Amino acid sequence: MSYSVLVVDDEVKLCRNISLWLKSEGFIAHQAHTGQDAIDLLKREPIDVMILDYMLSDMTGQDVLKKVKEGSPNISVIMLTAYGNVESAVNSMKLGATDYLNKPVELAILKEIVAKICENKRVKQENQLLKYQARQNWSQEELIYENKKMKSIFYFLEKVVDTDASILLLGESGVGKTAMAKWIHKRGKRSEKPFVSINCAAIPENLLESELFGYQKGAFTGATETRVGKFESADKGTIFLDEIGEISLAMQAKLLHVIEEKSFMRLGSNTYRKVDVRIISATNKDIKQLVNEGKFRKDLYYRLNLVEVEIPPLRERKEDIPIIIKQSIETLNLKYTKDVSISEDMIQLLSSYEWTGNIREMLNVIERLHILKMNGKIEESDLNRELFYFSENLDQKDDPLFSLSEVNLKKALENVEEQLIKKALEATKGNRSKAADMLGIARHTLVYKIKKIQMGTEK
């Protein structure tokens, strides 16, 4: 791993020499000749170590040190000075300097200090990676809550997790149905057995049967080998059928047979195979309405919803937003081996938004902000400058985030969302399925957002 070192000194020749030497030793080296240049560079580049002169042309090294530690406390700072005294050394160390050296500094000593700092960072980053990998297996990662309704849901689920009761999870896209399904599996008696998930809406109807039940070699053109289906893979464990409301009536009949008879037949086979699975299903549709309209079998509905849970949207549990944001930042720091934080003002700003895409949408926004933030604390200005950086075609004068102080977050994000939807529809010549793929959202979510935009235009 290459580490990045910033040399800050108004002696241009010395700054350049140290930088060239650092590069020859395998470090990524940056230079700055004023305190402000150094502070500005930190916003653009990830820096691990700073070698900082005590006296600069525009401010003192201690002034720079204070600002660095306020925004990026994990950057290690080595102070250099030609005016060394005990008092300045003590003050620098109190402000967070890692070391303090007098000029002229011996490069061998500087190398030893920088190398030791980077080695400590390497060990810390490896530990962070191990923690992140361990956390990836924790299914309750997104299920953080203070909301009373969420507490009552989990209190209820604790009573049924250790049974084989089929569970139907209801709620809007992005509320955490998959995470809850994993949580139920991990807490139940089948936790040591497989958890197999399938999104029924993501697989074409003609392929769904083979995905669920598998197929025999030669069952159809291209079936060059026998393949095990999702139900067979989940034997003795749990199968999670996401977007269950999307499957056809014909497939519903086959699914009902599996539930009632606890057996299935691979495509191309004449033999039934026994299977023992717990079924957790989920949908963001009004499934009772589908039943009333004859689009979903009533008998299958009753089989799937022995236990029914409706997860509230994020806008109805706003007290959960701050803790979800902080947990997400912590996880992203482990994932990207960074030390980024988020201001309370920014948390309040994000908490005021409606988040129609719920937790999934919010986590996506937070990760984008985190990726684009090199060091320090995510502030409101980062939302203005970076959140929609990916949409370079937006005209800045029409960008509602260009002056965030003059608008509220909800209106700003809605306006940007509307512009992106229009551009996606233009690019796909009105094809909503392709536009949804381009935007990274479900088609029904796009349709909902288009209707919302149209209603707003009519007003």
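Mentor: In this predicted model, an open sheet is built from 5 strands in the order E2-E1-E3-E4-E5, and their pairing is parallel. Strands here are DSSP runs of E with at least two residues, helices are runs of H or I with at least four residues, and both are numbered from the N terminus; two strands pair if DSSP finds at least two bridges between them. Strand E2 (28-32) and strand E5 (99-102) are the edge strands, each pairing on one side only, and from one strand to the next the twist averages 20 degrees. Such angles run from 0 to 180 degrees between N-to-C directions, the axes being lines fitted to C-alpha atoms, for helices over the stretch in contact.

Within the sheet, strand E1 (residues 4-8) pairs with strand E3 (residues 49-53) in the parallel sense over 4 bridges, and Val 8 stands opposite Leu 52 in E3. Helix H1 (residues 12-24) lies across E1, E2, E3 and strand E4 (76-81), and runs at about 170 degrees to E2.

The C-alpha atoms of Met 50 and Val 7 are 5.9 Å apart, although 43 residues separate the two along the chain. Leaving aside neighbours within four places in sequence, Met 50 is in contact with residues including Leu 6, Val 8, Val 64, Val 77 and Ile 78, contact meaning heavy atoms within 4.5 Å.

Residues are numbered from 1 along each chain as its sequence is written, and side-chain values use heavy atoms, with hydrogens and water left out. Because this is a predicted model, local features need pLDDT of at least 70 and side-chain atom pairs count only at pLDDT 80 or more, whereas totals for chains, interfaces and linings use all residues.

Turning to the rest of the chain, Thr 238 lies in strand E8 (residues 238-242) and counts as buried at 1% relative accessibility. Its side chain is joined to that of His 185 by a polar contact of 2.7 Å, a term for a pair of N or O atoms within 3.5 Å in which, within protein, one must be able to donate a hydrogen and the other to accept it, residues adjacent in sequence counting only if both atoms are side-chain atoms.

Rings of Phe, Tyr and Trp (its six-membered ring) pair if their centres lie within 6.5 Å, with planes under 30 degrees apart counted as stacked, over 60 as edge-to-face and the rest as tilted; by this rule there are 8 aromatic pairs. Phe 213 and Phe 264 are stacked because their ring centres are 6.1 Å apart and their planes stand at 25 degrees. That pair links distant parts of the chain, with Phe 213 in helix H8 (residues 205-213) and Phe 264 in strand E9 (residues 263-265), 51 residues apart. Both Phe 213 and Phe 264 are buried. Tyr 215 and Phe 220 form an edge-to-face pair, 4.9 Å centre to centre with 65 degrees between the planes; Tyr 215 is buried at a relative accessible area of 12%, while Phe 220 is partly exposed at 35%.

For the whole protein chain, there are 19 helices and 14 strands, and 47% of the 459 residues count as buried.

How values were computed
Buried < 20%, exposed > 50% of the residue type's maximum accessible area, 1.4 Å probe, protein only.
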